[in-house]
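This report describes the surroundings of the ligand and then a selection of salt bridges.

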Amino acid sequence: MSEIQPRTAYDLLGGPAIDKLVDDFYDRMETLPEARELRAIHSPDLAPIRRILKLYLYEWLGGPKGFSTERGHPMLRARHLPFSIGIAERDQWMLCMNGALDAMACEPEVREHIRTAVANLADWMRNKPEEPAPGQG
Ligand code: HEM
């Protein structure tokens, strides 16, 4: 009996749509004044990270495993430890990603699935003990 595999988010979207999402995400990071601090901690040339995030998302969404083949185990949190990531950095990252997701042509369920999963991942990436806001501690 043949086994029917459930379709993955990668199957539903396809590689070109993921490429477009990532390019839109980094275009927003380059241009939005609200994402200035996030842009500043990235390399001056975003071309390499554009390519790597595409590979990462293909794999994370159930597609080809080019990220692991090229870069080994994802260990995403460990890879972000050199950068100071707090609430502000997380929110700037999600601002760019939410804009790119909103502009993506796809089923709303797929979009919301990705939005929730990526927001959890972005929150998990935080590594900076937050100072209490002025007057709150
Ligand atoms: C929460 C806020 C986040 C910040 C501030 C942040 C920041 C960064 C920075 C500064 C780099 C290095 C890029 C460069 O060299 O120019 C990086 C790499 C990377 N980020 Fe993030 N990131 C965040 C969240 C995420 C999330 C949620 C994902 C996945 C959905 C992600 C995926 C990646 C990947 C795949 C790399 C490349 C890692 C490698 O070297 O193989 N990041 N990130």
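An oxygen atom of the ligand lies 2.9 Å from an N or O atom in the side chain of Ser43. Another side chain, that of Arg71, has an N or O atom 2.4 Å from an oxygen atom of the ligand. For Trp93, a side-chain N or O atom is 3.4 Å from a nitrogen atom of the ligand.

The model is predicted, so local features need pLDDT of at least 70 and side-chain atom pairs count only at pLDDT 80 or more, while totals for chains, interfaces and linings use all residues. Residues are numbered from 1 along each chain as its sequence is written, and side-chain values use heavy atoms, without hydrogens and water.

In total, 21 residues surround the ligand, a residue being near if one of its heavy atoms lies within 4 Å. They divide into 14 nonpolar, three polar and four charged residues. Helix 4 (47-60) supplies four residues, the largest share of this shell.

The whole structure contains 13 salt bridges, each a side-chain nitrogen of Lys or Arg within 4 Å of a carboxyl oxygen of Asp or Glu.

| Salt bridge | N to O distance |
|---|---|
| Arg28 and Asp24 | 2.8 Å |
| Arg51 and Glu70 | 2.6 Å |
| Glu112 and Arg115 | 2.8 Å |

The pair Arg51 and Glu70 links distant parts of the chain, from helix 4 to helix 5, 19 residues apart. By contrast, Arg28 and Asp24 both lie in helix 2 (residues 15-31), four residues apart. Arg115 is buried at 17% relative accessible area, whereas Glu112 is partly exposed at 37%; buried means under 20%, exposed over 50% and partly exposed in between (1.4 Å probe, protein chains only).

Technical notes: A polar contact is a pair of N or O atoms within 3.5 Å; within protein, one must be able to donate a hydrogen and the other to accept it, and residues adjacent in sequence count only if both atoms are side-chain atoms. Helices (H or I, at least four residues) and strands (E, at least two) are DSSP runs, numbered from the N terminus. Ala, Val, Leu, Ile, Met, Phe, Trp, Tyr, Cys and Pro count as nonpolar, Asp, Glu, Lys and Arg as charged, and the others, Gly among them, as polar.
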